[in-house]
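Colleague: Before I rely on the labels attached to this model, I would like to go through them with you and hear how each one was reached.

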Amino acid sequence: METGCWLLGGEFEDSVFEERRERRPGPPESYRAKRCEPQWFYEETGSSDDVEALTVQKFKGDLAYRRQEYQKALQEYSNISEKLPSTNFAMKRDVQEGQARCLVHLGRHKEALEIATNLENKATNTDHLTTVLYLQFTICSSLQNLEKTIFCLQKLISLHPFNPWNWGKLGEAYLNLGPALSASLASSQKENSFTSSDTAIKSSFPHSGKDCLLCFPETLPESSVEISSGNKQKSEKALKNIQNRVTEERAAVLLETEMKACASFIRTRLLLQLAQSQQTSFALERNLRTQQEIEDKMKRFSFKEDTLLLIAEVMGEDIVPEKIRDEVHTEVKCVGPAALTTLVIGSSKEFEDKWFRKIKDHFCPFENQFHTEIQILL
């Protein structure tokens, strides 16, 4: 056959015509896997490779962290960070995360947050950003800063809206935030009410104060006593109105926060129910156990059945099996730091407007029901 008749890819490799190696008689040699003894990295490796030496040092830091020797682990990580070349991005991120976690355990939260913020600004894909946001969540939880903890969870949810566990954590955070906000509001309003009543009473006695005895005679005229009594009654009435307004505002704050917690738990349950059919063993057990825990938490809310149905409808609008399947199997998006910022919300208000605005708007036509539920909370 002429050369021009050869089809593309139809040529034979020379290896086809080579003779096979002769098999040695006897049983084949057994495979021996390389074994590393526990804490092998504490032995002298004698390696001249800088990267390998730094890797060994990182293992030492990881072991110290596992043993809760946080100061020792921090020292190991810090030494590595100083020696790491600028091109070794992967190990640099791991070491910095290790430093931040050690600093949290050592009570140096401000330094830990600075490292986490730096890592967030340098994240180049969704995987990196997710890891950093979980790190920030850990730091803020350790600080017991509920508002920042909630914001971290909101950013995580905006990146992964079909993750039920983050929604569950968000519901818990809102539950803890309610009493804190109510106490804070009561404290500030109480202070304001005292200031207002004090001002009203002082206006009735313009000369009262340190030198009041010098300004008023020992026997006051009847007219001045009557005016003072009238002003005092007005002041008491104003103070009572302020206290009533404080009570209503506290109830409204509690109701809105409980609504957000309830909506978050309902979203968690909907996502768990959808995943239930595809789970077995311990994963299914955890799913069912969490659903039962949510049911128990829902009993503490005083919302009516039609309100709960409305919340479930709103929080489940985007839950479509095909959409969730795409979300779970989505590849890591390498979009760069600038583009990553567009994937997460910029403020807590932006998140709450997106997820809870419809529920709050639906309360408006049913104003009587809304006030009834406030009275139940009171």
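Colleague: What makes up the lining of the second largest pocket by class?

Modeller: Bearing in mind that this is a predicted model, the lining of the second largest pocket has 4 nonpolar, 5 polar and 3 charged residues. The residues concerned are P85, S86, N88, F89, K92, R93, Q96, L119, K122, A123, T124 and H128, and K92, R93 and K122 fall in the charged class because Lys and Arg are counted there. The space in this pocket comes to about 240 Å³.

Colleague: Which elements give two or more residues to that lining?

Modeller: Those elements are α3 (89-105) and α4 (109-122), and α3 gives the most, with 4 residues.

Colleague: Why is C152 called buried?

Modeller: The relative accessibility of C152 is 4%, and the label applies to values under 20%, so C152 counts as buried. C102 is also called buried, because its relative accessible area is 0%.

Colleague: What makes a set of residues a nonpolar core, and which residues have the most contacts inside the largest one?

Modeller: The members have to be buried residues of the nonpolar kinds listed for a core, joined through side-chain atoms within 4.5 Å. The largest such core has 37 residues, and those with the most contacts inside it are W167, L170, F301, M315, F351, F356 and I359. At least two residues each come from α5 (126-143), α6 (146-159), α7 (164-204), α9 (222-276), α10 (281-298), α11 (305-315) and α14 (348-363), with α9 giving the most, 9 residues. Apart from this core lies another, of 20 residues, among them Y77, M91, C102 and A116.

Colleague: Which residues does F351 touch, once those up to four places away in sequence are not counted?

Modeller: F351 touches Q154, I157, W167, L170, I345 and F356.

Colleague: Is K260 buried or exposed, and how do you know?

Modeller: K260, which lies in helix α9, has a relative accessible area of 9%; that value is under 20%, so K260 is buried. With neighbours within four places in sequence left aside, K260 is in contact with Y174, E352 and F356.

Colleague: Why is G61 called buried, and which residues is G61 in contact with?

Modeller: G61 lies in helix α1 and is called buried because its relative accessible area is 0%. Leaving aside neighbours within four places in sequence, G61 is in contact with A73, E76 and Y77. The C-alpha atoms of G61 and E76 are separated by 5.2 Å, although the two residues are 15 residues apart along the chain.

Colleague: Why is H160 called partly exposed?

Modeller: The relative accessibility of H160 is 24%, which falls between the 20% limit for buried and the 50% limit for exposed, so H160 counts as partly exposed. H160 lies in the loop between α6 and α7. Its C-alpha is 9.8 Å from that of L343, and the two residues are 183 residues apart in sequence.

Colleague: What makes the phi of Q68 worth a comment?

Modeller: Most residues other than glycine have a negative phi. Q68 is not a glycine, yet it has a positive phi of about 65°. Q68 is placed in the loop between α1 (50-66) and α2 (70-83), and it counts as exposed because its relative accessibility of 58% is over 50%. S281, likewise not a glycine, has a positive phi of about 55°, and S281 lies in helix α10.

Colleague: Finally, how many helices and strands does the protein have, and what share of contacts join residues at least 24 apart?

Modeller: The protein has 15 helices and 0 strands. Among contacts between residues at least 6 apart in sequence, 70% join residues at least 24 apart.

Conventions. Residues are numbered from 1 along each chain as its sequence is written. This is a predicted model: local features need pLDDT of at least 70, side-chain atom pairs count only at pLDDT 80 or more; totals for chains, interfaces and linings use all residues. Side-chain values use heavy atoms; hydrogens and water are left out. Buried means under 20% relative accessible area, exposed over 50%, partly exposed in between (1.4 Å probe, protein chains only). Contact means heavy atoms within 4.5 Å. On a 1 Å grid over the protein atoms alone, a cavity is a set of points where a 1.4 Å probe fits but cannot get out, and a pocket is an open set with protein on both sides within 12 Å along at least five of seven lines; lining residues have an atom within 4 Å of a point. Grid points are joined across faces, edges and corners, and a volume is the space filled by probe spheres set on the points.
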